[in-house]
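I opened this model to look up its salt bridges, its pockets and its strand pairing. My entries follow in the order I made them.

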Amino acid sequence: MTVAWVDASSGASGDLLLGALVGAGVPVEVLQAAVDAVTPEPVALRVEHVHRGGLAALRVHVDLTESHHHRTWRDVRTILDAAALDGRVRDLALAAF
C-alpha cells in the first residue's frame, strides 16, 4: 500500500493539491472520472506546467461554467449516493461533508 501524507496545516489550494497528485503519478483521467461522477454540470481538468522562482511544478486548472445553483446537504448526499464511486470513496466523501 502506498500512503501519502499531506501537511496542510497552513492551508493548501485545490489546484496545488491536484497538481501534486498528477505530479506524483495519478493520471489526470482518473481524477477527471472522479469529478465527472459527482458533478451535475460539466467540469474540465486542464494540466499546465509552470515555473515559479526557479521551481517547476504542475498546476491543474478546474474549468467550469458559471452556476448559480446552491445545493443543500440533501442534494449533495443524493449526488454522492448515485455516483459511480467505490463504496469506500463514497463513505469518505459523505464523512467529509
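**Entry 1: ground rules**

I call a residue buried under 20% relative accessible area, exposed over 50%, and partly exposed in between, with a 1.4 Å probe and protein chains only. The model is predicted, and local features need pLDDT of at least 70, side-chain atom pairs count only at pLDDT 80 or more, while totals for chains, interfaces and linings use all residues. Residues are numbered from 1 along each chain as its sequence is written, and side-chain values use heavy atoms, with hydrogens and water left out.

**Entry 2: layout**

I took helices (H or I, at least four residues) and strands (E, at least two) as DSSP runs, numbered from the N terminus. The chain has four helices and two strands. Read from the N terminus, the order is α-α-β-β-α-α. I put a box on the C-alpha atoms along the principal axes and got roughly 45 × 35 × 25 Å. The chain has 97 residues, and 16% of them count as buried.

**Entry 3: the strands**

I counted two strands as paired if DSSP finds at least two bridges between them. S1 and S2 pair in the antiparallel sense, over ten bridges. Arg52 stands opposite Leu55 in S2. The hairpin of S1 and S2 has two residues between the strands, and Gly53 takes a positive phi there, near 55°.

I then looked up His61, which sits in strand S2. Is His61 buried or exposed? His61 is buried, because its relative accessible area is 15%. Its side chain makes a polar contact of 2.5 Å with that of Glu48. For that term I used a pair of N or O atoms within 3.5 Å; within protein, one must be able to donate a hydrogen and the other to accept it, and residues adjacent in sequence count only if both atoms are side-chain atoms.

**Entry 4: salt bridges**

My criterion was a side-chain nitrogen of Lys or Arg within 4 Å of a carboxyl oxygen of Asp or Glu. How many salt bridges does the structure hold? I found four. I wrote up three of them, including the pair Arg59 and Asp15.

Arg59 and Asp15 have their closest N and O atoms 2.7 Å apart. Arg59 counts as partly exposed because its relative accessibility is 29%. Asp15, at 24%, is partly exposed too.

Glu41 bridges to Arg71, with closest N and O atoms 2.8 Å apart. Here the partners are 30 residues apart: Glu41 is in the loop between helix H2 (28-38) and strand S1 (43-52), and Arg71 in the loop between S2 and helix H3 (73-82). Glu41 has 25% relative accessibility, so I list Glu41 as partly exposed. Arg71 is partly exposed at 32%.

Arg46 and Asp63 form a salt bridge with 2.9 Å between the closest N and O atoms. Arg46 lies in strand S1 and Asp63 in strand S2, so the pair ties together parts 17 residues apart in sequence. Arg46 is partly exposed at 41% relative accessibility. Asp63 is partly exposed at 32%.

**Entry 5: pockets**

I searched on a 1 Å grid over the protein atoms alone. A pocket is an open set of points where a 1.4 Å probe fits, with protein on both sides within 12 Å along at least five of seven lines; lining residues have an atom within 4 Å of a point. Points are joined across faces, edges and corners, and a volume is the space filled by probe spheres set on the points.

The largest pocket holds about 480 Å³. Its lining has 21 residues, and Ala34, Val38, Thr39, Leu80 and Phe97 lie nearest the centre. H2, H3 and helix H4 (87-96) each supply at least two lining residues. Which element gives the largest share of this lining? H2 does, with four residues.

For classes, I counted Ala, Val, Leu, Ile, Met, Phe, Trp, Tyr, Cys and Pro as nonpolar, Asp, Glu, Lys and Arg as charged, and the others, Gly among them, as polar. The lining of the largest pocket splits into 16 nonpolar, three polar and two charged residues.

The second largest pocket has about 210 Å³. Its lining is Ala4, Val6, Leu16, Leu17, Ala20, Leu21, Ala24 and Val26. That makes eight nonpolar residues, no polar and no charged.

**Entry 6: Pro40**

Pro40 lies in the loop between H2 and S1. Pro40 is exposed, with 54% relative accessible area. Pro40 and Ile79 are 39 residues apart in sequence, yet 8.1 Å apart in space, C-alpha to C-alpha.
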